Amino acid sequence: MAETDFDVIVIGAGPGGYVAAIRAAQLGLKTACVESRETLGGTCLNVGCIPSKALLHGSELFDEAAHGTMAKFGVIAKDVSLDLDAMMGEKMTAVKELTGGIEFLFKKNKVTWIKGKGSFVDASTIKVDGKDYTAKDIVIATGSSVTPLPGVEVDNDGGVIVDSTGALKLPKVPEHMVVIGGGVIGLELGSVWRRLGARVTVVEFLDKLLPGMDDDVRKEAAKVFKKQGLELKLSTKVTGATVKDGKATLTIEPSAGGDAETMEADAVLVAIGRRPNTDGLNLEAIGLETNQRGQIEIDHDFATKVEGVWAIGDCVPGLMLAHKAEDEGLAVAENIAGEVGIVNHAVIPTVVYTMPEFAGVGMTEAAAKEAGHTVKSFKFPMMANSRAKTNREPDGFVKIIADAETDRVLGAWIIASLAGTMIAQVAQAMEFGATSEDIAYTCHAHPTHSEAVKEAAMGVKGLPIHI
Ligand code: FAD
Ligand code: NAI
């Protein structure tokens with residue numbers, strides 16, 4: 001191949017793309033990253049993981065101060081009030097610090113940021129703002145954006161109907177927010193606005209919340225969120241919306257069909273999933289087609305069927321999660337550099353950052369049975385965990401699923417205040433091929449929430465202590 005401008009060009013600077021670019025540069029490759037946003041970090045840092053977690057944290061603090069949790073422990077906060085602008089300001093500061101941090105890391109690692117929208121000219125040339133840049137290898141890491149709902153038009157700039165980007169910057173607490181979609185975004189952002197004082201109704205097409213999670217977790221989710229005051233309309237779909245004088249009128253009907261009714265709201269959050277960003281890449285120029293879901297198909301090494309073109313993150317099949325994209329970013333750069341980059345897609349944790357958190361890794365019980373395993377599982381309630389009980393965090397459980405013959409851990413599902421942290425130990429155990437006995441005989445510090453993981457593993461053998 002003739003001399004190229006770069007060894008590697010990465011398109012997109014989200015968790016997948018920026019990590020791929022930094023690792024490629026660390027491995028000695030001359031690297032550029034094309035990003036059209038004004039700041040680096042992609043969906044996750046700008047309008048996803050980070051701002052949503054800032055608001056989840058802020059709204060939890062408000063909820064604890066205003067609604068009694070602190071008072072129970074004798075901390076009396078009088079006249080608690082909400083300064084929404086200050087909360088939004090803290091969120092923006094976190095986003096600014098973290099996106100600025102990626103810019104610093106690009107400079108430190110000598111990754112060139114090409115600002116603008118990239119599209120293919122051929123398999124080794126990307127056009128950005130009318131200028132061509134060449135590279136031996138090109139990584140597509142263009143991420144995803146919100147799936148639109150026909151008949152429900154989103155206006156994130158001050159409109160009543162918003163998607164997650166708009167719901168992260170509402171100028172005031174709505175009186176009634178309707179969330180369309182009882183998945184991860186709907187429950188996280190619905191929780192934020194519920195805690196800040198809104199009445200929140202979640203309209204979900206399926207008969208349970210949180211698709212993809214273990215059935216026991218999904219059943220419990222409905223109880224937990226109802227207890228917190230979220231109104232749930234399951235097995236229901238939204239078929240249209242009109243907006244007038246700052247109010248939306250939604251038409252809803254049973255998912256299976258039936259009589260329609262209307263519902264009013266002064267804020268509507270559309271959160272029915274995300275779809276890959278591939279429009280505008282001019283994939284036709286390199287003969288690369290997307291699959292039925294609009295995703296770019298790849299092999300085990302993240303290579304597309306076009307030589308020298310790779311793809312990672314939300315724009316390829318699999319879970320749409322930042323840490324999955326990051327691990328794929330590392331692996332693709334290592335593969336391009338001639339090393340061996342692998343991601344074990346069977347062990348990717350998922351966490352919903354509500355309070356309590358919902359987390360899982362590996363197979364659900366149903367999936368394990370479907371895969372031909374004879375399964376043994378045990379659910380240890382957080383009520384029986386001394387630390388959770390002491391902290392007055394009674395909701396949830398740890399469920400461990402193991403193969404009945406080999407005892408190998410196949411999956412774990414946790415509802416607990418610290419589920420997102422607790423799931424990491426099960427993920428690591430699964431990476432090492434652990435049995436439930438391995439976890440049960442690992443000494444866990446007392447008193448910690450993680451002891452519930454040990455007890456669940458002991459329960460798989462039939463011998464838990466504290467229940
Ligand atoms: P993205 O982060 O989407 O980045 C792709 C980048 O490519 C974008 O910046 C885009 O501008 C750029 N781009 C696209 N096309 C072009 C082009 N042609 N030229 C130049 N640039 C281009 N995941 C978690 O794991 N944990 C969470 O807590 C979490 N919270 C979330 C909360 C919300 C509200 C949302 C919406 C998502 C959340 N996610 C979370 C999902 C997470 O954000 C994504 O899985 C992750 O960002 C995917 O990374 P990516 O690199 O594949 O793509
Ligand atoms: P989702 O796939 O999690 O949930 C969408 C929900 O909408 C589903 O339950 C689906 O049944 C429902 N739905 C679809 N059409 C509907 C309709 N017409 N009416 C009513 N309900 C309908 O998608 P979500 O919440 O938009 O999140 C997108 C992605 O972003 C997730 O898949 C996740 O990967 C990522 N994300 C991850 C987070 C985390 O890791 N904590 C936080 C936020 C997002």
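Predicted model: local features only at pLDDT ≥ 70, side-chain atom pairs only at ≥ 80, totals over all residues.
A crossing of two helices counts as left-handed if the near helix is turned anticlockwise from the far one by less than a right angle, and as right-handed if clockwise.

Residues are numbered from 1 along each chain as its sequence is written, and chains are lettered from A and ligands numbered from 1 in the order in which they are written.

**View 1. Where domain 1 meets domain 2.** The protein splits into domain 1 (6–146 + 275–336), domain 2 (161–271) and domain 3 (350–460); these bounds come from an automatic or database domain assignment. On the side of domain 1 that touches domain 2, the elements giving two or more residues are α3 (49–66) and α5 (84–108). Helices here are DSSP runs (H or I, at least four residues), as are strands (E, at least two), numbered from the N terminus. α3 gives the largest share of that side, eight residues. In all, 13 residues of domain 1 are in contact with 14 residues of domain 2, where contact means C-beta atoms, placed from the backbone, within 7 Å. The centres of these two domains, taken over C-alpha atoms, are 27 Å apart.

**View 2. Helix α3 passing helix α7.** Two packed helices are described by the angle between their axes and the distance between the axes. For α3 and α7 (residues 184–195), the axes come within 9 Å and cross at roughly 35°. Axes are lines fitted to C-alpha atoms, for helices over the stretch in contact, with angles running from 0 to 180 degrees between N-to-C directions. The crossing of α3 past α7 is left-handed. On the α3 side, the contact includes Leu55, Leu56 and Phe62, and on the α7 side Leu189, Val192 and Arg195 are among the partners.

**View 3. The shell around ligand 2.** Of the 26 residues around ligand 2, the nearest are Gly181, Gly183, Ile185, Phe205 and Met320; a residue counts as near if its C-beta atom, placed from the backbone, lies within 6 Å. Two or more residues each come from α7, β12 (236–244) and β18 (350–352). Helix α7 turns up again here, giving the largest share of the shell, four residues. By class, the shell has 17 nonpolar, five polar and four charged residues. Ala, Val, Leu, Ile, Met, Phe, Trp, Tyr, Cys and Pro count as nonpolar, Asp, Glu, Lys and Arg as charged, and the others, Gly among them, as polar.

Conventions:
Contact = placed C-beta atoms within 7 Å.
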